[in-house]
Amino acid sequence: MQEKLENLQTEALKKIQNSKDLNELKNHEIFYLGKKGKLTEILHGLKDLPNDQRPTIGKFSNVIKKNLEEAFVQKEKMLENEMILKELEEDSIDISAPGAKYNIGHAHPLATTQYEVENIFHGMGFEVADGPEVEVEKFNFDDLNMPATHPARDMQDTFFIDKKADLKLGRLVLRTQTSPVQIRTMLKYGAPLRIIVPGRVFRNEALDACHEHTFDQVEGLMIDKNISLAHLKGVMAEFLSKLFQREIKVRFRPGYFPFVEPGLELDMSCMICDGAGCKTCKKSGWVEFMGAGMVHPNVLRAGGINPDEYQGWAFGFGLTRLVMMRYGIDDIRMLSGGDLRFTEQF
Ligand code: FA5
């Protein structure tokens, strides 16, 4: 009997040692120590042993049972630790591995050009000013010499906010131009002034390849004593030459905007053919660039500036159209379409 028990112990210890996982170990435990296990069976048979053998064998069986129980517990702990180590290894970070590459994208061509415009004007002593996209009617129209009855309002048909008009400021409107920031800045800082205002504007337009309902403009305003259109010509020739990195000439043509007097259109020499005449400039050598003029005395007054003391000029160009010209984009809608195949080209 003793030998039988010893053999059982040797066999069981070997199986315990060779167990590869907790499942296998549990099966062995049931096989030897379970209710119907091999050792349990032997222990039940003790009562049939002769009286003189029973105490010794009984004691021996209990020692073996204890040995096996301990061996099972120990192996269980070992297997559990191995499992934890394995999980940790799988989770661990290899600090020498190359980092994961994030696709962070890049600035939109409109933004890139805006930053460049700001930089060039900054270099000429201009500050960058800002104003709200939802503007009051008074600043967007009335103070710019465009009362409600003025026909020029038709050229900038827009979106009004459905809210009761303020007696002094009028209705709320999605600004149709960056020009209302002229009034805001004059009221806030007075003269002298040298600012540019890049910003988004909105118009109720019939959309096509050159017209969007939402586009960007850049306003310019220079107010001081003895300012003339010669300064505007110099500033714009310098700005465009820097932006296009070649000598650009500018010319004035008469133009009409209610908030300037005299008003003018500024053309730039064609950057494709350098003025020789090509498809882009329709063989004229010149490309229309922006509206401008000497700030109307009424506008200066609305901004709290005395027109007998100060004068200056203002301009406004379409940043969106400038970007189209710069990169040869022939449909304005591409710029706000959100198609990554388009934006990733820049
Ligand atoms: C104005 O908005 C005047 N505020 C400009 C100005 C400022 C004149 C200061 C005098 C003094 P205009 O409506 O022409 O002007 O618009 C200016 C530029 O915005 C245009 O030359 C054009 O480049 C751009 N633009 C106008 N409408 C659209 C449109 N629907 N989509 C894209 N660009 C447009």
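Reader: Which backbone atom of E212 lies 3.0 Å from a nitrogen atom of the ligand?

Author: A polar contact is a pair of N or O atoms within 3.5 Å; within protein, one must be able to donate a hydrogen and the other to accept it, and residues adjacent in sequence count only if both atoms are side-chain atoms. Here, a backbone N or O atom of E212 is at that distance from the ligand nitrogen. This is a predicted model, in which local features need pLDDT of at least 70 and side-chain atom pairs count only at pLDDT 80 or more, while totals for chains, interfaces and linings use all residues. Residues are numbered from 1 along each chain as its sequence is written, and side-chain values use heavy atoms, with hydrogens and water left out.

Reader: Is D331 buried or exposed?

Author: Buried means under 20% relative accessible area, exposed over 50%, and partly exposed in between (1.4 Å probe, protein chains only). D331 is buried, because its relative accessible area is 18%. Its side chain forms a polar contact of 2.9 Å with the side chain of R333.

Reader: Which residues does D331 touch, not counting those up to four places away in sequence?

Author: Contact means heavy atoms within 4.5 Å. D331 touches D208, A209 and M324.
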